[in-house]
Amino acid sequence: MTATETVAPAKAGNGKFRLRWPHHLLIAAGLLVLLSLVRMVDGADDVTSSGTVSAALRLAVPIFLAGLGGLWAERSGVINIGLEGMMILGTWTGAWAGYQWGPWIGVLFGVLGGALGGLLHAIATVTFGVDHIVSGVAINILGLGLTQFLAGLIFNSGHAKDLGGGPRQSPPIDPIKTLTLPVLSGGKIGGWESPDWLGSLEKHHWFLVSDIAGILRGVTNGLSLLTLVCLLLIPLTFLILWKTPFGLRIRSCGEDPYAAESLGVHVYRMKYAAVIISGGFSGLAGAFLVTVAASLYQDGQTGGRGYIGLASMIFGNWRPGGLAAGSLLFGYTDAMNVRGGGQSVHALLLFVTILLVGVAVWQGVRANRLRSQVMTDLGRREVRGAYLGAVLSLVAAAGLLVWFLLSEAVPGELVSFSPHLTTLLVLALASQRLRMPAADGLRYRRGEAR
């Protein structure tokens, strides 16, 4: 069976400029230069320090994995609000197996625990046609209640309690090994202790050079093996979903399941596979929390990361590359709570101010370009919207600049809220360019095509 052609590629001939990898690299380089400039102006060295980068990566991985689970489910046409509950199941099953048989067995059981939640979601939504949102919320409630009950039952008695378990936490889990790149970030080669060249460059706090050194050292010093495995899932997901017949069948179910059915695709089977894989990735996110981030299970450990992962997936326009960028953004803002705090976030006020000025200029240029074209009612509304966006961006930039000039640090309460605030702002700004799968969230029944 071939379904090569059930899914038409996204429109590219609509007159809109489409960013490709060279453009993304140029944008990333420009943002790094701007961030370095802001660091020099405000003296907030932790903005690009290796410690901040390492913390951001560690905090971004579970968000990315949860978002990856959402991507697989929604590419098949099933909305997965239950990512948080599946993560919670992964934390408990991962910890239960991890303290007994080692961290890698814990990772495997975490994946299985999340996949079980995905299976329940698939049964409810695909087989019985339950509303996807209702099913996802039910799984979140079930995951939270079930793990609390099991933690009190198992971790608070017998051998687990003797090892340090309790009603709200598991016994400690052995850590997963880490990697440090020799020569660049120190480490040993045989019996020789190599110099930490990147660390030396970072300590000088030079413009751009120290920032690049800090970022490279953050991703090459003390990198967990599980983190490395998770990073490899970015190209792997792209290759499977966009370059294989299996991925094409899954995406066809999310775009037009009845057209896929007419070409011989077993839609139920594809949806089941995608949602179970979705749960497995969410469970892996939970296992990451108990084996890398904390080395034990704790009640409330996920902290809403499943929902932030869903926001990252939407920000990334249902594609793994964009999802990874969104996850890093949220992980970076969350790392501000760990490194630098109010001083680092204060420097980011100036960074965001400059970005908003750039957005205002872009909106103004876009409005002038639209005005030069043949005007329709829709075109006039787009012009008004572009001008309004430019004005609002300038007003926000002015407010942030005043805040930056009149303060020396951001209050700690606002620093702790910054990841959630970033979630709201990013979704609001990105909503105009999103294209979700056409049949996402729609109820499918075999043979009911109209």
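Modeller: What follows is a series of questions about the terms used for this structure, which is a predicted model.

Biologist: How many helices and strands does the protein chain have, and what share of its residues counts as buried?

Modeller: The protein chain has 17 helices and 4 strands. Of its 450 residues, 48% count as buried. Among contacts between residues at least 6 apart in sequence, 77% join residues at least 24 apart.

Biologist: Why are helices H3 and H5 called roughly parallel?

Modeller: Helix H3 covers residues 83-101 and helix H5 covers residues 132-155; they pack at an angle of about 20°. Angles under 35 degrees count as roughly parallel, and therefore H3 and H5 receive that description. Their axes are 7 Å apart, and H3 passes H5 in a left-handed crossing.

Biologist: Which residues make the contact of H3 with H5, and what are their classes?

Modeller: Among the residues of H3 in this contact are Leu-83, Ile-88, Trp-92 and Tyr-99, and those of H5 include Ile-139, Leu-146, Leu-150 and Phe-155. By class, the contact has 15 nonpolar, 4 polar and 1 charged residues.

Biologist: What makes H3 and H4 roughly antiparallel?

Modeller: The axes of H3 and H4 cross at roughly 150° and come within 7 Å. Angles over 145 degrees count as roughly antiparallel, so the term applies to H3 and H4. Their crossing is right-handed.

Biologist: Where do H3 and H4 meet, and how many polar residues take part?

Modeller: Residues of H3 including Gly-90, Thr-93, Gly-94 and Gly-98 meet residues of H4 including Gly-106, Gly-110, Gly-113 and Gly-117. This contact has 8 nonpolar, 11 polar and no charged residues.

Biologist: Which residues touch the most other members of the largest nonpolar core?

Modeller: That core has 46 residues, and those touching the most other members are Phe-64, Leu-65, Leu-68, Leu-226, Cys-230, Leu-233 and Leu-284. Helices that each supply at least two residues include H2 (50-75), H3, H4 (103-127) and H9 (225-243). The largest share, 12 residues, comes from H12. Leaving aside neighbours within four places in sequence, Leu-284 is in contact with Leu-65, Val-107, Gly-110, Val-111, Leu-226, Cys-230 and Leu-233. A second, separate core of 23 residues includes Ala-56, Val-345, Leu-348 and Leu-400.

Biologist: How do you know that Ser-312 is buried?

Modeller: Buried means under 20% relative accessible area. Ser-312 has 0% relative accessibility, and therefore counts as buried. Ser-312 is found in helix H13, and, apart from neighbours within four places in sequence, is in contact with Ile-63, Gly-322, Leu-323, Gly-326, Ser-327 and Phe-330.

Technical notes. Residues numbered from 1 in each chain as written. Predicted model: local features only at pLDDT ≥ 70, side-chain atom pairs only at ≥ 80, totals over all residues. Heavy atoms only, no water. Axes fitted to C-alpha atoms, helices over the stretch in contact; angles between N-to-C directions. Parallel < 35°, antiparallel > 145°, perpendicular 65-115°, else oblique. Left-handed = near helix turned anticlockwise from the far one by under 90°. Contact = heavy atoms within 4.5 Å. Nonpolar A, V, L, I, M, F, W, Y, C, P; charged D, E, K, R; others polar. Core = buried A, V, L, I, M, F, W, Y, C linked by side-chain atoms within 4.5 Å. Buried < 20%, exposed > 50% of the residue type's maximum accessible area, 1.4 Å probe, protein only.
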